[in-house]
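Thanks for coming. I will keep this short and go through one structure with you.

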Amino acid sequence: MHRRHGRPLLAAVAVTLALTAGCGADPADTPARWTGPSTPASAGAEPTPGGTPAAVTGFGAAPASCPRPAPAARSSSTLDPTAAFHPGRTATDSANAVDTAPNCEIVVGGRFTDVRGGTRTTLGKGPGAVLRLDGTGRRLLGVTRLAGVVEDLEVHREGGEIAVATDRGVALLDPRATTARWQRAGAASRVAVGAAGTVAAVVGGAVRVYDLRGAALATIRPDGRTVSDVAVDDRSGLVFVSGYRQVNAGTCVPVQIAYVHAYDRRGALRWRAYDHPAEKLGDLCADSRAERVSMGRDGKLYLAGVTDGGNSIFGRSAADVTRPAPNVVVDKFTQPFNTGNAHQTYLARLDPSSGRQLAGQHLLARIDSKGDRGNTVTPYAVTADERGRVYAGGVSAYQIADRSRVALGGRRLAPYAGGDAWVLVLSADLKRRLTWVVFTDGGAGAVRGVTAGSGVAAVAARVDKGPFYRTRDAGPGTGGGYLAAWPGLS
């Protein structure tokens, strides 16, 4: 057992994003339309996806309707993307977030300084952009320029509005991303929107909550805690905040302790998960952080955490540190032994109304040449489809299960070259890995966002070093942003 780590999580290799000044907008772009919350969804909208979009170099012709779901591949190491490409051509690009709209469009946000094709809209002069593609990822429908880099986004699953978090503020865009229904100042890192339109954003060390019209509802400040992410469930009326607190007391000094809190829309605390008292940790001294939370399309709350070593609170119940967690062990890649201080991913499903933990699983890489020593797997995204299958993504050190057998589009990828951008798909009971592949094809980078639902699955990634896998019709783009799409599971 790993009793104490050599390095805190704060010393982990960080995935950073350069936020430099971007190019000005194309003079031919659509003029900005800043509107108030009373503007109807159709105001200023571009033609429907059934219309004829502008020609796009490098994007094949594809229908704009929802793709047909497909069965899982026979091997978890294979995937057949319908599209995999670099939307831009600049090394400073990054695709930071992705989601699926109600009409099955793929919506991508990030920093893109040279994207060609599609209908263009300018809401601000800067490097940030929202891209809209059809459900296969082959047809670019629209590019919307924003003043700030898009750090995160989420699509309103009822109405299709797009909530965006940028380094300039929070905004709610109409479904075509041609107008801003409202915008609020303050650099935001994460954002979420509920079924009824409640928007919550991480701004500094606080979470700001708004209604669908942009009226402020609450500001949540978890005392003494770092905030990593936010999710919204309007069915239960709750806003979920995740992160960690640094503790310098108890048997583990110092130690980071993960937490997930649930608040109502007025900011009152309703339940908490993890966040155990330091004096009750015993020998559970490995740092832990709750990095990502999201509402799956099955109505459950999902957590992607990270721990610095195997002996952490994620081996224990989210409600009671004295009880074991309902963790599912499949093989050596899901069992935290011989880990040293390697950073591991932890995935969990929670009941959003009560915080009760329903299932969990560790995830780590293994160094086969060193006695299967555990190695780092870090998460940056988690979600679930309508049937509760779990999708997660991030960056992995050498190496994930069956790495040498990973094949995309029928072709084996180049060996690990330093930082694999990975995606994992688990069955709803967490007992089977349906997909665990990487997109780095001799390069290095990280998956930053993942989406799954309505027959669509996609990842957004940042490229540190090329090459990444590309489909044959991907075109000449070689920028730092990357998108891959494939049919969702039937």
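Before that, some ground rules. This is a predicted model, in which local features need pLDDT of at least 70 and side-chain atom pairs count only at pLDDT 80 or more, while totals for chains, interfaces and linings use all residues. Residues are numbered from 1 along each chain as its sequence is written, and side-chain values use heavy atoms, with hydrogens and water left out.

Disulfides, then. A disulfide is a covalent bond between the sulfur atoms of two cysteines; here the term is applied to a pair of cysteine sulfur atoms within 2.5 Å. How many disulfides does the structure hold? There are two. If you number the bonded cysteines in sequence order, they pair as 1-2, 3-4.

One of them joins C66 to C104, with an S to S distance of 1.9 Å. This link is right-handed, with 85° about the S-S bond. C66 lies in the segment before β1 (78–79) and C104 in the loop between β3 (94–100) and β4 (106–111), so the bond ties together parts that are 38 residues apart in sequence. Strands, by the way, are DSSP runs of E with at least two residues, numbered from the N terminus.

Are these two cysteines buried or exposed? The cut-offs are under 20% relative accessible area for buried and over 50% for exposed, with partly exposed in between, using a 1.4 Å probe and protein chains only. C66 is partly exposed because its relative accessibility is 40%. C104 is at 1%, so C104 counts as buried.

The other disulfide joins C252 to C285, S to S 2.0 Å. The angle about its S-S bond is -70°, and the link is left-handed. This pair also links distant parts of the chain: C252 is in the loop between β17 (238–247) and β18 (255–264), and C285 is in the loop between β19 (269–274) and β20 (288–295), 33 residues apart. Both C252 and C285 are buried.

Next, the rings. The structure holds nine aromatic pairs. To count, rings of Phe, Tyr and Trp (its six-membered ring) must have centres within 6.5 Å; planes under 30 degrees apart are stacked, over 60 edge-to-face, and the rest tilted.

Take W182 and Y210: the centres are 5.1 Å apart and the planes at 45°, so this pair is tilted. W182 lies in strand β11 (residues 180–185) and Y210 in strand β14 (residues 206–210), so the pair ties together parts 28 residues apart in sequence. Both W182 and Y210 are buried.

F439 and Y482 are also tilted, because their planes are at 50°, with the centres 6.0 Å apart. F439 is in the loop between β31 (433–438) and β32 (444–453), and Y482 is in strand β34 (residues 481–487), so parts 43 residues apart in sequence are tied together. F439 has 0% relative accessibility and so counts as buried; Y482, at 0%, counts as buried too. Ring pairs link F439, F468, Y482 and W486 into a cluster.

That brings me to β34. Six of its seven residues are buried. Strands pair if DSSP finds at least two bridges between them. Strand β2 (residues 83–85) pairs with β34 in the antiparallel sense over three bridges, and F85 has L483 as its bridge partner. Strand β33 (residues 456–465) also runs antiparallel to β34, over seven bridges, with W486 as the bridge partner of A457.

That is the end of my part.

Technical notes. Helices (H or I, at least four residues) and strands (E, at least two) are DSSP runs, numbered from the N terminus.
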